[in-house]
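Please read them with the structure open.

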Amino acid sequence: MKLTTRSRYGARLLLDIALHSKNGPVPSKDSARREGISLKYLEKILKMLKEGGYIKGKRGPNGGNVLLREPEDISIGAIAQILDGQEKILDCVGDETVCPRSAVCLRRSIWDDANQAMYKMLDSYSLADLMKDAYLCPAERMK
């Protein structure tokens, strides 16, 4: 499984919203500035997270983004799946027709196990776990 910038930035964005939403919705431009992500790219990620039911945008002068779920209920694996899709370590894990040896490949089950282990590990961490770590890292508390 390859984690793209979308999933890494998506986790950073959700963490930023969680950390800064105590006073209401978090403006996208503020998250983009704090996280060093271009606003245009951040808006693409926001759209996917909204469609996935993780955040809601509020318009207006006091508008911004808010989480729709508690941080404990947002797994890092779910973020990766929403933003990167059901990525597989190798193409043959997801589609047997990619390789003519798929049906007899003795290693294919290893790759499948590795893929499942990666998602299991990512699912074992939540946004709340990242929030705990953020309080240890001064850079994450930037305003």
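1. D30 and K29 form a salt bridge in this predicted model, with the closest N and O atoms 3.6 Å apart. A salt bridge here is a side-chain nitrogen of Lys or Arg within 4 Å of a carboxyl oxygen of Asp or Glu. K29 is exposed, at a relative accessible area of 56%. The burial classes are buried (under 20% relative accessible area), exposed (over 50%) and partly exposed (in between), with a 1.4 Å probe and protein chains only. In total the structure holds six salt bridges.

2. On the basis of the numbers: the model is predicted, so local features need pLDDT of at least 70 and side-chain atom pairs count only at pLDDT 80 or more, while totals for chains, interfaces and linings use all residues. Residues are numbered from 1 along each chain as its sequence is written, and side-chain values use heavy atoms, with hydrogens and water left out.

3. The chain has seven helices and two strands, in the order α-α-α-β-β-α-α-α-α from the N terminus. These elements are DSSP runs numbered from the N terminus: helices are H or I with at least four residues, strands E with at least two. Of the 143 residues in the chain, 36% are buried.

4. Contact means heavy atoms within 4.5 Å. Among contacts in the chain with a separation of 6 or more, 66% are between residues 24 or more positions apart.

5. Which residues touch the most other members of the largest nonpolar core? They are L13, L14 and L49, in a core of 25 residues. Such a core is a set of buried Ala, Val, Leu, Ile, Met, Phe, Trp, Tyr and Cys residues joined through side-chain atoms within 4.5 Å. Two or more residues come from each of α1, α3 (39–51), α4 and α7, and α1 gives the most, with six. Leaving aside neighbours within four places in sequence, L49 is in contact with G10, L13, L14, Y54, I55, I82 and L83. In soluble globular proteins, nonpolar side chains tend to be buried together.

6. D84 and R6 meet through their side chains in a salt bridge of 3.9 Å, N to O. This pair links distant parts of the chain, with D84 in helix α4 and R6 in helix α1, 78 residues apart. D84 is buried, at 8% relative accessibility, whereas R6 is partly exposed, at 31%.

7. Helix α7 covers residues 127–134, and L127, A128, M131 and A134 are buried in it. Viewed down the axis of α7, these buried residues fall within an arc of 110°, so they line one face of the helix. The arc is that of the directions from the helix axis to the C-beta atoms. Their packing partners are α1 (5–20), β2 (64–67) and α4 (76–84).

8. The N-terminal end of α7 is capped by S126, which has a side-chain oxygen 3.2 Å from the backbone nitrogen of A128. Being three residues apart in the helix, K132 and D129 are separated by about one helical turn. K132 is exposed at 55% relative accessibility, and D129 is partly exposed at 23%.

9. Where does S75 lie? S75 is in the loop between β2 and α4, and at 15% relative accessibility S75 is buried. The side chains of S75 and D123 are joined by a polar contact of 3.0 Å. A polar contact is a pair of N or O atoms within 3.5 Å; within protein, one must be able to donate a hydrogen and the other to accept it, and residues adjacent in sequence count only if both atoms are side-chain atoms. Beyond four places in sequence, S75 is in contact with D123, Y125 and S126.

10. I76 is in helix α4 and is buried, with a relative accessible area of 15%. Not counting residues up to four places away in sequence, I76 touches L122, Y125, S126, L127 and L130. The C-alpha atoms of I76 and S7 are 8.7 Å apart, although 69 residues separate the two along the chain.
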